[in-house]
Amino acid sequence: MTSVLPEAPSTAPKRTRISIELVPRSLTHLRAELQTVAEHFGNVDTVNIPDLLRFKTRSWQACTHAAGHVQRAIPHIRAIDIDPRKPLPMADHLRQHGISEVLIVSGDPPEGMSSLVYNVTALDILRKFRRELPEIKLYAGLDPYRQSFAAERDYAEEKLEAGASGFFTQPFFDLRLMELYAELLPDAEIFWGVTTVMSERTLNYWQERNKAVLPRTFEPTLAWNRQLAADALRFSRERGQHIYYMPVTANLKEYLEGIV
């Protein structure tokens, strides 16, 4: 008799997903950027779209326009916009359009409190999504700058317990800091964030508002930002994790062509 030994579990790293964050300033602008992604970046399989109240199109509405350009679109959902006593207002839209992943962020209060917000946390809305839309894969935010390493790790673990499957990070500017967070959350599914900083105004935004830490080698040049984009992609692939790029004011082709 010939015995068949069971196959050893695969140790191959997971395929790295590459996402580009696209801001829905207008539908015309969004469609043009989606077309650029489809034509020039064949390795990009995902877009993630923030929910910015100053624009007319909500994130989950914008995601429907990604069909035919990329495989998946992930809307950002602002927790403080969700009434905890009512059903999720975007539930039918997500189901009807096959949107299977969302990113839950806390959300900043609107300027001048121009729209209604609720006293809820990202943890509350993660649990609400898990109850009402259990088929949706949930991501949560991870911010390396807002508190201590231990506190952010503990908050991340609370989000996993609340229903998150993984994280989208605030943009990193230094691979050494990425390595520390990779060690703190070794089993988590992570989309590592990378953005462009090519002006004093943008640099001030990240340092003053978000308390971001940039290395001494930082230069506000396209070359420096492209090198970081390439290094972070390599970092993600070596760990079987994912990456998203936030091009901000940079030209998408000039920023990422030849890298992704």
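User: What can be said about the faces of strand β1 (residues 18-21)?
Analyst: Both faces of β1 are covered: Ile-18 and Ile-20 are buried on one side, and Ser-19 and Glu-21 are buried on the other. Buried means under 20% relative accessible area, exposed means over 50%, and partly exposed lies in between, with a 1.4 Å probe and protein chains only. Strands (E, at least two residues) and helices (H or I, at least four) are DSSP runs numbered from the N terminus.

User: What kind of model is this, and which values count?
Analyst: The model is predicted; local features need pLDDT of at least 70 and side-chain atom pairs pLDDT 80 or more, while totals for chains, interfaces and linings use all residues. Residues are numbered from 1 along each chain as its sequence is written, and side-chain values use heavy atoms, with hydrogens and water left out.

User: Back to β1. How many bridges join it to β8, and how many to β2?
Analyst: Three bridges join β1 to β8, and these strands run parallel; Ile-18 has Ile-243 of β8 as its bridge partner. Three bridges also join β1 to β2 (residues 46-49), again in parallel, and Glu-21 has Asn-48 of β2 as its partner. Strands pair if DSSP finds at least two bridges between them.

User: Through which helix does the chain cross from β1 to β2?
Analyst: The chain passes through helix α1 (residues 27-40), and this β-α-β crossover is right-handed. That is, with the strands pointing away from the viewer, the path from the first strand over the helix to the second runs clockwise.

User: Now β5. Why is it described as largely enclosed?
Analyst: Five of the six residues of β5 are buried, so the strand is largely enclosed by the rest of the structure. It pairs with β4 in the parallel sense over four bridges, with Leu-103 opposite Tyr-139. It also pairs with β6 in the parallel sense over four bridges, where Gly-141 stands opposite Phe-168. From β5 the chain crosses through α5 to β6, in a right-handed β-α-β crossover.

User: How many aromatic pairs does the count give?
Analyst: The count comes to 13 aromatic pairs. Rings of Phe, Tyr and Trp (its six-membered ring) pair if their centres lie within 6.5 Å; planes under 30 degrees apart are stacked, over 60 edge-to-face, and the rest tilted.

User: What is the geometry of the pair of Tyr-205 and Trp-206?
Analyst: Tyr-205 and Trp-206 are edge-to-face, 5.3 Å centre to centre with 85° between the planes. Tyr-205 is partly exposed because its relative accessible area is 38%, whereas Trp-206, at 5%, counts as buried.

User: Which residues of helix α7 (residues 200-209) are buried?
Analyst: Those are Thr-202, Leu-203 and Trp-206. They cover an arc of only 105° around the axis, which puts them on the same side of α7; the arc is that of the directions from the helix axis to the C-beta atoms. Glu-200, Arg-201 and Arg-209 are exposed on the other side.

User: What do the buried residues of α7 pack against?
Analyst: They pack against β6 (166-171), β7 (189-195) and β8 (242-246), where contact means heavy atoms within 4.5 Å. Just after α7, Lys-211 takes a positive phi of about 60°.

User: Changing topic: where is Ser-236, and what does it touch?
Analyst: Ser-236 is in helix α8 (residues 222-238), and it counts as buried because its relative accessibility is 0%. It touches Thr-16, Trp-192, Gln-241, His-242 and Ile-243, not counting residues up to four places away in sequence.

User: Which residues do ring pairs link into a cluster?
Analyst: Tyr-145, Phe-149, Phe-172, Tyr-181, Trp-192 and Phe-235 are linked in this way.

User: Which charged end sits over the ring of Phe-235?
Analyst: The charged end of Arg-239 does, 3.7 Å from the ring centre. The criterion is NZ of Lys or CZ of Arg within 6 Å of the ring centre and within 35 degrees of the ring normal.
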